[in-house]
Amino acid sequence: MKKILIFGATSSIAEHCARIWAARGDKLYLVARNKKKVQTLKDDLKVRGASQITTFCADLNDIEQHGKLISEVSEIMNNIDIVLIAHGTLSNQNMCELNVVETLNEIKSNALSTISLLTLLANRFEAKKNGTICVISSVAGDRGRASNYVYGSAKAMITAFTSGLRQRLYKSNVAIITIKPGYVDTPMTSNFKKGLLWIKPHEVASKIVKAIDRKKSEVYIPVFWWFIMKLIRAIPSGLFKRLKI
Amino acid sequence: MTKISGWGNYPQQETHLIKPSSCLAIHFIIKNEKSLIARGMGRSYGDSANAPKVLQTSNCDRFIEFDVNNGILKAEAGITLREILKVIVSHGWFLPVTPGTSYVTLGGAIASDVHGKNHHIVGTFGQHVKSISIVLGTGEVVTASQVINQDLFHATCGGMGLTGVILSATIQLIPISSSFMTQKTIKVDCIEALCEAFEDNIDSTYSVAWIDCLAKGKNLGRGVLILGEHAQNGDLEINIRDPISIPLSTPSIFLNKVTMKSINNVYWYMAKHNQTQVIPLIPFFYPLDAIRNWNKFFYKSGFLQFQCVIPKTNGITNIKKLLIEISESSEESFLAVLKQFGKVNNNLLSFPTEGYTLALDFNLKKTTLTTLRRLEELIITMNGRIYLTKDAVMQEATFKSTYPQWEVFESVRKKYGAIGKFSSEQSKRLGLA
């Protein structure tokens, strides 16, 4: 039985991970913004078999509160085994282009708040010398594209940050896992036309849980995105700027 | 716009799919939209969950409460029976009624008032629903049960989603002491013997028969009766694996009378008379769930399932008539299933009535619609009816004469503000407002 802390617990991918852990009888600590939603989630996970569920309501964009939140959480749960950081938004690229505040907000919720949490958690994990921190980045972070470079650059920051953190904490026996999902059919992407490349959140979740079980480093979900992104990154910038992809 | 269709892949429809992220948003959507139909897993065969606007309930799939001691489960309507099984079996509980697939939602099971292999003993799914919470056309959320808003309850169970959108339901489960089933197979070489075997085994909890609808003459209606009981011994572990997928539709060249005949023959000769086996729950109840998209086994153009029920009086003669009609038509049917139904219930559009129910799949060909028309006419003369959940082609007049409570159903819909708010391609075809 593991103790698992989830940030952004009501996000679709996180919820499906939580369902798998609940069925295993793990202890869950859920952080989310919406009180009603997190209560619904708690009831559900209880029926699915979670041995204990504690919820915290917090707006993770409120970075000043992170320190307090982490100490509050650690007070209740000593020895966290796994942390999953899954909160985030899908930026509206057009809005971001027109509005600096919007752009910075997106960077804040998709990158800065995660980095703040990671910094606080990393020090605690480094001291206790075990555990796993899993962060959901995105294939969008592998190369900025015109259609979503604000979201992409925030995710690129997460990817680079976790890559460095992984090296730093390796010697402390702490695993840092970067998850890079492709297109996932969640409420966040409800306005997109779905095609062959799309997968369901429960499929992503089962792969995330597997990656955590095996303490992987960087995981593309599904794995074919590794190949697609290799190709996309191989395109010279002089050519890339002319492409509509 | 998204293209959708029922499990039979026919008819298809371009639709605007609304997929709320949780139950909390549903009443807003209903208040703001003109006309829509709720859709769960899309496992109804025809067009009952097709409409220009469709409310997909896949994200409304949470458990709410499970009273492990008394087997009372409350969950949101979009949860699948499969997800429910993953939780309840290990606690020693099982669904009181289950259809042949676990890939249906709780809400869909209620809206179709589904039946299982134990209908002759326990009735339909709706008869085990303690209460439902439903969003009406006004956006108001009300509770309905056998005690409160009974008229709404009896219209909603079997009401094909036309009374409102079910948010959640509380059901009474049945206790089991093992996750295994004792299965007995009885092989009979004609329809008379099969019906007799049903009568002889009326006390058997689960019973269903596969029949070879391509056999003719003295072998007409030869089949294999499968009986089942929950085993007393064994553990409560349940192994629910993800199914495999068929990548492409079967080329139609492989689907003809000759191949179907050989498949039926192989099944017949493989079956062993009077064999008793102990098998796990999942393959007993859901053999086809092992393949995610077995509907691709049929023509790309789709297939039609025909399921009717006919009264016991003249039952054997009438089944023979239907089988002769089918075997003489140019259709080939892969799977024919016969089962005995018990008593009719109080739900207004619920399908089961006392008698025999026969279900067949037909590949959709040019001739199929004509064949189905002929079967439809035969069913009227036999005082039978056709299952709305399987239907894609029934005519309005047939529906209205074989579902005599349709007017009461309409008056309940009117009372609860459903008229004009909830409609499907099927309800339009059948002349419901």
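Reader: In what order do the strands of the open sheet in chain B stand?
Author: This is a predicted model. In chain B, 4 strands form an open sheet with mixed pairing. The strand order is β1-β2-β4-β3.

Reader: Which strands stand at the edges of that sheet?
Author: An edge strand here has a single partner strand, so one of its sides is left without a neighbour in the sheet. In chain B this applies to β1 (2-5) and β3.

Reader: Which residue in β4(B) does B:Leu17 stand opposite?
Author: Strand β2 of chain B covers residues 12-18 and pairs with β4(B) in the parallel sense, over 3 bridges. The residue standing opposite B:Leu17 in β4(B) is B:Val54.

Reader: Is B:Pro52 buried, exposed or partly exposed?
Author: B:Pro52 belongs to the loop that runs between β3 (37-39) and β4 (53-56) of chain B. Beyond its neighbours within four places in sequence, B:Pro52 contacts B:Thr15 and B:His16. Burial takes 20 or more other C-beta atoms within 10 Å, and exposure 12 or fewer. B:Pro52 has 16, so this residue is partly exposed.

Reader: How are α5(A) and α6(A) oriented to each other, roughly parallel or roughly antiparallel?
Author: Helix α5 (residues 100-128) and helix α6 (residues 149-170) of chain A have axes 8 Å apart and pack at an angle of about 10°. Angles under 35 degrees count as roughly parallel. The two helices, α5(A) and α6(A), are therefore roughly parallel.

Reader: How many nonpolar residues does the contact of α5(A) with α6(A) have?
Author: Residues of α5(A) in this contact include A:Ile107, A:Leu118 and A:Phe125, and those of α6(A) include A:Ile158 and A:Phe161. By class, the contact has 3 charged residues, 3 polar ones and, as the number asked for, 14 nonpolar.

Technical notes. Residues are numbered from 1 along each chain as its sequence is written. Chains are lettered from A and ligands numbered from 1 in the order in which they are written. This is a predicted model: local features need pLDDT of at least 70, side-chain atom pairs count only at pLDDT 80 or more; totals for chains, interfaces and linings use all residues. Two residues are in contact if their C-beta atoms, placed from the backbone, lie within 7 Å. Two strands pair if DSSP finds at least two bridges between them. Axes are lines fitted to C-alpha atoms, for helices over the stretch in contact, and angles run from 0 to 180 degrees between N-to-C directions. Angles under 35 degrees count as roughly parallel, over 145 as roughly antiparallel, 65 to 115 as roughly perpendicular and the rest as oblique. Ala, Val, Leu, Ile, Met, Phe, Trp, Tyr, Cys and Pro count as nonpolar, Asp, Glu, Lys and Arg as charged, and the others, Gly among them, as polar.
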